[in-house]
Amino acid sequence: MSDLPLKNRLALVTGASRGIGRAVALGLAKAGAHVIITARSLPALEALDDEIQNLGGSATLLQLDLKKSAQIDQLGPTIYQRWQKLDILVANAGILGPLSPLAHVTEEGWASTLDINLSANWRLIRTLDPLLQRSDAGRAIFVTSGAASGKYAYWGPYSAAKAGLEALVKTWSHEIETTTVRANLINPGATRTNMRAKAFPGEDPMSLPAPEEMVPLFLELASPQCAKNGEVLNFRDWHNTAVTTATKLADA
């Protein structure tokens, strides 16, 4: 296998300033992709760009606020003008939203959580689908959560948004199944991120997997060789399978 399996491929990562998005952006750059890194914080993107360059990779910085729909809608035309296509989309950005009984959730809290976690991803699909179609193997990866099951009390807006996201991406996957584009979701599970710390402030973060541990799964789904489409992959299940396979090979 090539040392740069994603050489000459163009990727876009939302929420790239920290956590999983940052780790994935670095992973894509290490694999040879040119990465369009987006987030609200320009200084954080500049720091990430420095790190990518130090690794020998390349990136383009794009300050993006997913609350501003016009900025999302302009992504497709902007990327087309410079590159005419997009090979990889990692739609990682999201917010936790209010954790409270549904009857106490404000209209603003509900709307902002659904807008950023669900509607913004629909806008990303709408503006970037034509560019992914121009790739020889367009790959789109979205980040979901176990909360999409609706089994956690007080997580209403976030749970509804993630359940909607799963339905959205699965619907799109059926629409693109006769094309060269593939779309899937990853459920990272409990991960050492700021969002997790906000939701569970008493939890020991060092007991959780680091964002960097998720990168190989993202790279697998970003590969032109990946045939998966419309699937929800749980990181822990994937990791356990990979460890078991490696153990069997080592013992063979």
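Modeller: Rings of Phe, Tyr and Trp (its six-membered ring) form an aromatic pair if their centres lie within 6.5 Å, and planes under 30 degrees apart count as stacked, over 60 as edge-to-face and the rest as tilted. A search of the whole structure with this rule finds 5 aromatic pairs. The model is a predicted one, in which local features need pLDDT of at least 70 and side-chain atom pairs count only at pLDDT 80 or more, while totals for chains, interfaces and linings use all residues. Residues are numbered from 1 along each chain as its sequence is written, and side-chain values use heavy atoms, with hydrogens and water left out.

Biologist: Why is the pair of W155 and Y158 called edge-to-face, and why is that of F235 and W238 called tilted?

Modeller: For W155 and Y158 the centres are 5.7 Å apart and the planes make 65°, which the cut-offs therefore place in the edge-to-face class. For F235 and W238 the values are 6.2 Å centre to centre and 35° between the planes, so the pair falls into the tilted class. F235 and W238 are 3 residues apart in helix α9 (residues 235-251), which means that about one helical turn separates them. Helices (H or I, at least four residues) and strands (E, at least two) are DSSP runs, numbered from the N terminus. W155 and Y158 are both buried, under 20% relative accessible area with a 1.4 Å probe and protein chains only. Ring pairs also link Y152, W155, Y158 and F200 into a cluster.

Biologist: Why are β3 and β7 called edge strands?

Modeller: The sheet is open, with 7 parallel-paired strands in the order β3-β2-β1-β4-β5-β6-β7, and β3 and β7 (232-234) each pair on one side only. Pairing here requires at least two bridges found by DSSP; β5 (residues 139-143) and β6 (residues 182-187) share 5 bridges in the parallel sense, so they count as paired. Within that pair, F142 stands opposite L185 in β6.

Biologist: How do you know that the buried residues of α4 lie on the same side of the helix?

Modeller: The buried residues of α4 (residues 75-83) are L75, G76 and I79. They cover an arc of only 90° around the axis, which puts them on the same side of α4, the arc being that of the directions from the helix axis to the C-beta atoms. Their cover includes β1 (10-13), β2 (34-39), β3 (58-63), α3 (69-73) and α5 (107-133), with contact meaning heavy atoms within 4.5 Å.

Note on methods
Buried means under 20% relative accessible area, exposed over 50%, partly exposed in between (1.4 Å probe, protein chains only).
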